[in-house]
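Subject: Structure handover

Hello,

Here is the structure I promised to pass on. Please open it alongside this note; my findings follow below.

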Amino acid sequence: FSRRREKRKGNSRSQGSDSDALFGTEAQTCSVFRCEKEENRGEEREAMIPDWKLRAKKALEEGMASDLSQIYFNDPVDAVALGIPEYYDVIKKPMDLGTCKAKLMRGEYAHAQELLLDIQLVWSNCRLFNTPGSDVVEACEDVERVFKDLWRKYSLVLADANANAGGKDKSNKASTSLATTKTNNTDSAKGTKKRKKPQVVEVETVEEEEEEEE
């Protein structure tokens, strides 16, 4: 009986080790899926932040953390240290990512579109001063792609699109109202001219009849 009991114990232990191995792999796969779900939820939570300034701050901090941003775009261009005194003759409105963040923290941007325009100014200044294909321009293209992805990640592009759509609707309404007023004014002017013509003709006919009677 003791040998049988030992065999049974050995079989149960082997079965337990096999089941532990199986459940271990399942646990690992579950942990992977949980990590992916948590990452997706984190991105959704970041996109659901109500204040666009907090989302823009996070997007700026992530973009500025890259090596290329730290080398080229986070700080203002030091024309004296770089030996390019003609920089400010070519670039009339300098801009860098650090200045964008400082303006955001001071509350100088009314909406995300203004911040996006300043960031676009960083890339346009870089392309304007530097030759195409240079290391700086290639770095500019890479960092610009990163910022576009961050803008989508934090759903700042949607807010800008809605703002632009509202502005377009307002401009269209204003243009249509101006067009209608112009047409009304032209019609009224034409009407007055048409009314004056028969009056002049009637006066001429009356004068001719009086001369004939005399």
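Ser 155 counts as buried, because its relative accessibility is 17% and the cut-off for buried is under 20%. Please keep in mind that this is a predicted model. Ser 155 sits in the loop between α8 (135–153) and α9 (156–213). The phi of Ser 155 is near 50 degrees, which is a positive value in a residue other than glycine.

Now step back to α8, the helix that Ser 155 follows. α8 has 19 residues. From first C-alpha to last, α8 reaches 27 Å, close to the 27 Å expected at 1.5 Å a residue. Which residues of α8 are buried? They are Val 137, Ala 139, Cys 140, Val 143, Glu 144, Phe 147, Leu 150 and Trp 151. Seen down the axis of α8, these buried residues fall within an arc of 145 degrees, so they line one face of the helix. Asp 135 and Arg 152 are exposed, on the other side of α8. An α-helix has 3.6 residues a turn, so residues three or four places apart point the same way.

**The chain as a whole**

The protein chain has nine helices and zero strands. Along the sequence the pattern is α-α-α-α-α-α-α-α-α. The chain holds 214 residues, and buried residues make up 21% of them.

**Helix α2**

α2 has 13 residues. The helix reaches 18 Å from its first C-alpha to its last, close to the 18 Å expected at 1.5 Å a residue. Its buried residues are Trp 52, Arg 55, Ala 56, Ala 59, Leu 60, Gly 63 and Met 64. They cover an arc of only 160 degrees around the axis, which puts them on the same side of α2.

Leu 54 is also in α2.

**How α2 meets α6**

The axes of α2 (residues 52–64) and α6 (residues 97–105) come within 11 Å. They cross at roughly 160 degrees. Angles over 145 degrees count as roughly antiparallel, and α2 and α6 are therefore roughly antiparallel to each other. Their crossing is left-handed. On the α2 side, the contact is made by Trp 52, Lys 53, Ala 56, Lys 57, Leu 60, Glu 61 and Met 64. On the α6 side, Leu 97, Gly 98, Cys 100, Lys 101, Leu 104 and Met 105 take part.

**How α6 meets α7**

What is the angle between α6 and α7? They pack at about 165 degrees, with their axes 9 Å apart. α6 and α7 are therefore roughly antiparallel to each other. The crossing of α6 and α7 is right-handed. From α6 come Leu 97, Cys 100, Lys 103 and Leu 104. They meet Leu 115, Asp 118, Ile 119, Val 122 and Trp 123 in α7.

Ala 112 is found in helix α7 (residues 112–129). Ala 112 is buried, with a relative accessible area of 4%. Ala 112 and Ala 56 are 56 residues apart along the chain, yet their C-alpha atoms are separated by 7.5 Å.

Asp 96 lies in the loop between α5 (87–90) and α6. At 6% relative accessibility, Asp 96 counts as buried. What is Asp 96 in contact with, leaving aside its neighbours within four places in sequence? The partners are Phe 73, Asn 74, Asp 75, Pro 76 and Val 122. Trp 123 is 27 residues from Asp 96 along the chain, and the C-alpha atoms of the two are separated by 9.1 Å.

Best wishes

Key. Residues are numbered from 1 along each chain as its sequence is written. This is a predicted model: local features need pLDDT of at least 70, side-chain atom pairs count only at pLDDT 80 or more; totals for chains, interfaces and linings use all residues. Side-chain values use heavy atoms; hydrogens and water are left out. Helices (H or I, at least four residues) and strands (E, at least two) are DSSP runs, numbered from the N terminus. Buried means under 20% relative accessible area, exposed over 50%, partly exposed in between (1.4 Å probe, protein chains only). The expected span of a helix is 1.5 Å times one less than its number of residues. The arc is that of the directions from the helix axis to the C-beta atoms. Axes are lines fitted to C-alpha atoms, for helices over the stretch in contact, and angles run from 0 to 180 degrees between N-to-C directions. Angles under 35 degrees count as roughly parallel, over 145 as roughly antiparallel, 65 to 115 as roughly perpendicular and the rest as oblique. A crossing is left-handed if the near helix is turned anticlockwise from the far one by less than a right angle, and right-handed if clockwise. Contact means heavy atoms within 4.5 Å.
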